[in-house]
Amino acid sequence: MPDGVIIGGWNYVIAAYSITAAGLLAYAWSLALRRRKFRTQEEG
């Protein structure tokens, strides 16, 4: 009976971390754009 251990599953781990990192970077980029837009509206 299997013990619930996945052998050779590092590709899935790397893929999950890559997708998460890409999502966080996209979110940070959108925040930076919104902050810049807000500051330019505030000045002028």
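Exposed here means over 50% relative accessible area, buried means under 20%, and partly exposed covers what falls in between, with a 1.4 Å probe and protein chains only. The model is a predicted one, so to speak of local features takes a pLDDT of at least 70, side-chain atom pairs count only at pLDDT 80 or more, and totals for chains, interfaces and linings use all residues. Residues are numbered from 1 along each chain as its sequence is written, and side-chain values rest on heavy atoms, with hydrogens and water left out.

Of the 44 residues, buried ones make up 2%. The accessible surface of the chain (Shrake-Rupley method, 1.4 Å probe; for residues, only the protein chains shown count as cover) comes to about 4,600 Å², and 65% of this belongs to carbon and sulfur atoms.

Helix α1 spans residues 10-43 and includes Y17. W10 also sits in helix α1 and is exposed, at a relative accessible area of 63%. Between the C-alpha atoms of W10 and E42, 32 residues apart along the chain, the separation is 48 Å. R35 is another residue of helix α1, exposed with a relative accessible area of 53%. The C-alpha atoms of R35 and N11 are 36 Å from each other, with the two residues 24 apart along the chain.

Conventions. Helix = DSSP H or I, 4+ residues; strand = E, 2+ residues; numbered from the N terminus.
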